[in-house]
Structures are given as C-alpha cells and as structure tokens.
Amino acid sequence: MITELYVIGSGDDGEALRRGGQLIREGNLVVFPTETVYGLGASAYLSESAMKVYAAKGRPSDNPLIVHVEKPEDAEEFAYTSPLYYALAERFMPGPLTVILPKKDKIPPQVTGGLDTVAVRCPSNPTARALIREAAVPIAAPSANLSGKPSPTCARHVMQDMDGRVSMVIDGGDCDIGLESTVVSLADGCVKVLRPGAITVQMISDMGIPVTVDAGVTDLSAVSAHPESPGMKYKHYAPKASLFLVEGGTEELLAQARASKVRSEGKNIAVMCRSDEASLFDGFTVLDTGLSSKELAHRMFYLLRYADELCVSEIYAHLPSAEGESLAIYNRIIRSSGGNIIRKGK
Ligand code: TXA
Ligand code: MG
C-alpha cells in the first residue's frame, strides 16, 4: 500500500481533510495528529476497519480502541451517557480525557475488544476535530505506533511504524502534550483513573468528585490477567535500548551511567536528564528533558524513539515522582523500562 503523506499548511488543508474523512468513511486507515499523540484512525462503525487497525499495529484484538467524537453529545449515538459524563465533559472536553461508558449496539464488538463498554474521547486538536467532522462518523483510534513501541508524537515517528500500512498520514507537527489521554471509568458517582494523563487526579477531585486510582497505574505487579483496562497488561512504550530508572538525584544518575560506561566499553550509553544537568554528562548521549514535568511529558516518547534512531544500547533516566502531573510520566516510563528500577544504595 502506498501511504499518502499530507503536511498541514502545505496546500489545500480543506481538500486533504475531506479526502481523509472520505477514506475513513469508506473503511480505510488515516493517521492524524491529536493534542496527546498521533492516532491511527478508522470508522468506529465498521468491524472490518477495526480489524485493519489491529493488523496495522500488530495489536492483540482484545485491547479496545478509543472512539473520538467532535462534540461530547455525539456519544449519545453509540453509548449510554450519564450526568457524571456530562459534568466531566463540561469541564475537560474538548481535551485529553477519555471516559468509559456502557456501549450501544451501533459500535461493533471488534472496536471494543468484545467489552460491553466503549471509551469516548473528544480531542481539542483542530485537525483531529476537522477530520472527525469530514468523516461524519466517530473515529476509532489507538496511538499510531506498532504495538509495544512508544507512541508517536511527530509524523516522522509515525512514518517509521506506519508507512505502507495505512492509506494516509496527516502531519500536523509535534503533539502538544506528548503522552496519551487520561482514561477513567465511572461508577456510583465516583471516577476511577485507569490511565493517568494531563487531566490529573487533583483536577478531577477539585470538582468535588471522589476519585480513585487503579493500583495497576503505579504497580506493574498489581495488574491482573483481566484488568479493567485491557491495555494495562501488555508490554508498552519500549525503546530498543534497555532503559534503567535511577532513584535519587543527579549524583546517583551520574554514578550509574558511569558504571555502565566502564562495564560496556565502546557502547553508546545515553542519559535522560534535565537541561540544568546536561553539562555534567560529558561523553554520554544526552536526551534533554527540559526543566518541568510538562516538558518531560512533551519530549519523553520523542526521546525514547530518538535514542533508537541513534542506536543507543542503554538509557539511564531519573525515576520520576508518582505525584501530581508526574503520575502520567511515572506510569509510562516504568512500563518503558519493563520495571528496571535501580533503587538508592543498591
Ligand atoms: O490520547 C489518547 O488517548 C490516544 C489518542 C490517539 O487519542 N489514544 C490512545 O489509544 O492512547 P490506545 O489504544 O493506545 O490506548 C487506549 C487505552 C488502552 O489502554 C485500552 O485498554 C483502554 O484505553 N480502553 C479502551 N477502551 C476501553 C474500555 N472499553 N474499557 C477499559 N479500557 C479501555
Ligand atoms: Mg497506545
């Protein structure tokens, strides 16, 4: 399959989005930018399209897809909404929040991995919104990476995984947030976070809504064989390089990186560190994460994939805090590392 690449701003955007929308409506795959990561889009109403998504990603078909709508109320057509859904939608949509709702029959079981619930998300990225409008159907879209790899946050990384596997890629530049949406389920007036993201626990509890966090978010060993969010149980976000998370500060990171250099003479060792630490890591490949949690979230998947482009064999990074804005980073990076955590004093 030849993949058409269209760069937003390089020609007639309206025409390109109309073509993208038509491709989706007719059962093809189109990759598009969102404010979180790039999505691999297909009609949420066609079972064959969902099958194509699983094949293109190499994704297990019991891992359900998120259905993207232009407006929160568009979910009425295929899901049973509730006052709590609308309270969250009012505050956080359009934006990086995904809400699990009971599904109606309009969504084929292939889209939801056989579950009787469906994940609903209303993205804020204008290109994503225009594409959904043009498609005139809700768009089922997982992140546009091959299963197991870090999610793509720029079109170059999309093309590395999806060139030849999809009909069209729409390049809308770098994604603003860089990590996937917050996924929540609802029960008895409470919100449960299944996957943390830019919409934080605090932001939801500030609305006066009780919030819990699934144990599997921070503890890989707490993920059961049948977790509420099937995605939790799969290997995720992993670069080719081995990633080690070092507990402690700059000194501990430097010590571990140096020890590795001595052990693995001649290998390309990378350090993921803040901008203010970068000058200390002379002789290493430096993956600069900026200064704030927001910058780290924005760059993290990009840097993991960039390390692979540089043929790095080991990456040393700080073990991030599991609090506040950093919870999403913690959740992803422990999975990227496969649980390789070097504790202080070990
Ligand atoms: O930011 C995002 O959410 C991106 C962009 C493209 O919108 N999409 C994304 O999709 O991250 P994906 O497929 O990579 O991750 C979807 C997650 C998976 O962990 C999946 O298990 C969970 O959402 N999920 C989807 N439907 C669900 C359902 N009905 N019940 C529980 N979890 C569900
Ligand atoms: Mg994904």
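This is a predicted model: local features need pLDDT of at least 70, side-chain atom pairs count only at pLDDT 80 or more; totals for chains, interfaces and linings use all residues.
Residues are numbered from 1 along each chain as its sequence is written, and local features need pLDDT of at least 70, whereas side-chain atom pairs count only at pLDDT 80 or more. Totals for chains, interfaces and linings use all residues, and side-chain values use heavy atoms, with hydrogens and water left out.

Two packed helices are described by the angle between their axes and the distance between the axes. Helix α1 (residues 13–25) packs against helix α4 (residues 126–135) at an angle of about 55 degrees, and their axes lie 8 Å apart. Helices here are DSSP runs of H or I with at least four residues, and strands are runs of E with at least two; axes are lines fitted to C-alpha atoms over the stretch in contact, with angles from 0 to 180 degrees between N-to-C directions. In contact (heavy atoms within 4.5 Å), Leu17, Arg18, Gly20, Gly21, Ile24 and Arg25 of α1 meet Thr127, Ala130, Leu131, Glu134 and Ala135 of α4. These residues comprise five nonpolar, three polar and three charged; Ala, Val, Leu, Ile, Met, Phe, Trp, Tyr, Cys and Pro count as nonpolar, Asp, Glu, Lys and Arg as charged, and the others, Gly among them, as polar.

Most residues other than glycine have a negative phi, and most peptide bonds are trans. The bond from methionine 93 to proline 94 is cis, with omega near 0 degrees, and proline 94 belongs to the loop between α3 (83–92) and β5 (97–102). Tyrosine 237 has a positive phi of about 55 degrees and sits in the loop between β11 (211–213) and β12 (242–246).

The whole structure holds one cavity of 30 Å³ or more. On a 1 Å grid over the protein atoms alone, a cavity is a set of points where a 1.4 Å probe fits but cannot get out, a pocket is an open set with protein on both sides within 12 Å along at least five of seven lines, and lining residues have an atom within 4 Å of a point.

Of its 18 lining residues, Arg274, Thr289, Leu296, His318 and Pro320 are the closest to its centre.

Methods
Chains are lettered from A and ligands numbered from 1 in the order in which they are written. Grid points are joined across faces, edges and corners, and a volume is the space filled by probe spheres set on the points.
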